Amino acid sequence: MNAAQGTVGSDPVILATAGYDHTVRFWQAHSGICTRTVQHQDSVSLTAWPGGCLDREGRKRPKGDERSLRRPRRVGGKPGGTTPSSSRRGGGAGHMCSILTPSSLFPHRSRNLQCQRIFQVNAPINCVCLHPNQAELIVGDQSGAIHIWDLKTDHNEQLIPEPEVSVNSVHIDPDASYMAAVNSSGNCYVWNLTGGIGEEVTQLIPKTKIPAHNRYALQCKFSPDSTLLATCSADQTCKIWRTSNFSLMTELSIKSNNPGETSRGWMWDCAFSGDSQYIVTASSDNLARLWCVETGEIKREYSGHQKAVVCLAFNDSVLG
């Protein structure tokens, strides 16, 4: 992260946050100054791609701190198993994951999107992650199922780490060595990945189960150098784990030290800086924060949202 950068449109640093106040805000990462505010009416999820574009996916997250996560519905498959069971497209309730591609050749012009593929499962979809091989999508749903969708063959495999426990986030590290998933029990599951090259399908080998949080776990993200894993939760913390042995390195907390102060809400989302030394978090107290990963010190606060900040995008990689 370069402290001298941070404006939208003139350099590669992108920091954007979105909240329940129906705004998307763009920030100077180094100064905390909001440079642009965009109004929106729908639920928004933000992704900062290496190319510097923002992707509005419209993924809906669980509503509000004061509301429980919706109880998931069961999806077919092998209950409690960690070995994938082969299947084709699911039927039933009609919850779908779609691939949208722009009709023009310019990736930043996303007004004319066309649906190319549809993947249907039996429960509401919470999260989607693209494998670094660009050929497989990992889909997590509210029934507790994780689907591995091969985009080349349209084949689907699924695993269920905990039946009836909603999978809220999935992520694969940039080296494609690990996949992590967190759920509403507060648990984080990690798998080793093999294959996924050429025509070979990715295989998942169970690595570890981390009892990461004592409330809903909402997000998991690997660092760009693949050495760290961050998990966010309704317990007001973001925890950073070493991928060498998945031990806890740092706990970032927005809990108040004042016994009389009410809860500051949930830690909803996070994103590492390109050098893996800093992390930005989004939380229900209307703030995004920039933290030092090693020390857990807050370096900057981004204040301007009038309601909970539930997602963010951060990319400070220099474009070649």
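I count a contact when heavy atoms lie within 4.5 Å.

**Ground rules.** I am working on a predicted model, where local features need pLDDT of at least 70, side-chain atom pairs count only at pLDDT 80 or more, and totals for chains, interfaces and linings use all residues. Residues are numbered from 1 along each chain as its sequence is written, and side-chain values use heavy atoms, with hydrogens and water left out.

**Met-179.** I looked up its contacts, leaving aside neighbours within four places in sequence. Met-179 touches Ile-138, Ile-146, His-171, Ile-172, Tyr-189, Val-190, Trp-191, Leu-193, Leu-204 and Phe-222.

**Core.** Next I checked the largest nonpolar core, which has 15 residues. Such a core is a set of buried Ala, Val, Leu, Ile, Met, Phe, Trp, Tyr and Cys residues joined through side-chain atoms within 4.5 Å. Buried means under 20% relative accessible area, exposed over 50%, and partly exposed in between (1.4 Å probe, protein chains only). Ile-138, Ile-146, Val-170, Met-179, Trp-191 and Leu-204 touch the most other members. Two or more residues come from each of β7 (125–130), β9 (146–150), β11, β12 (178–183) and β13. Strands here are DSSP runs of E, at least two residues long, and helices are runs of H or I, at least four, numbered from the N terminus.

**Sheet.** I then traced an open sheet of 4 strands, ordered β11-β12-β13-β14 and paired antiparallel. Its edges are β11 (167–172) and β14 (203–210), each pairing on one side only. I take two strands as paired if DSSP finds at least two bridges between them. Strand β13 (residues 188–194) is joined to β14 by 7 bridges. Across that pair, Asn-192 stands opposite Ile-205 in β14.

**Positive phi.** Most residues other than glycine have a negative phi. I noted two exceptions. Glu-164 has a positive phi of about 65°. I find Glu-164 in the loop between β10 (156–159) and β11. Ser-276 also has a positive phi, near 65°. Ser-276 sits in the loop between β19 (267–272) and β20 (278–283). Ser-276 counts as buried, at 6% relative accessibility.

**Record.** Over residues 271–301 I read 0% helix and 58% strand. The end C-alpha atoms of that stretch are 15 Å apart.
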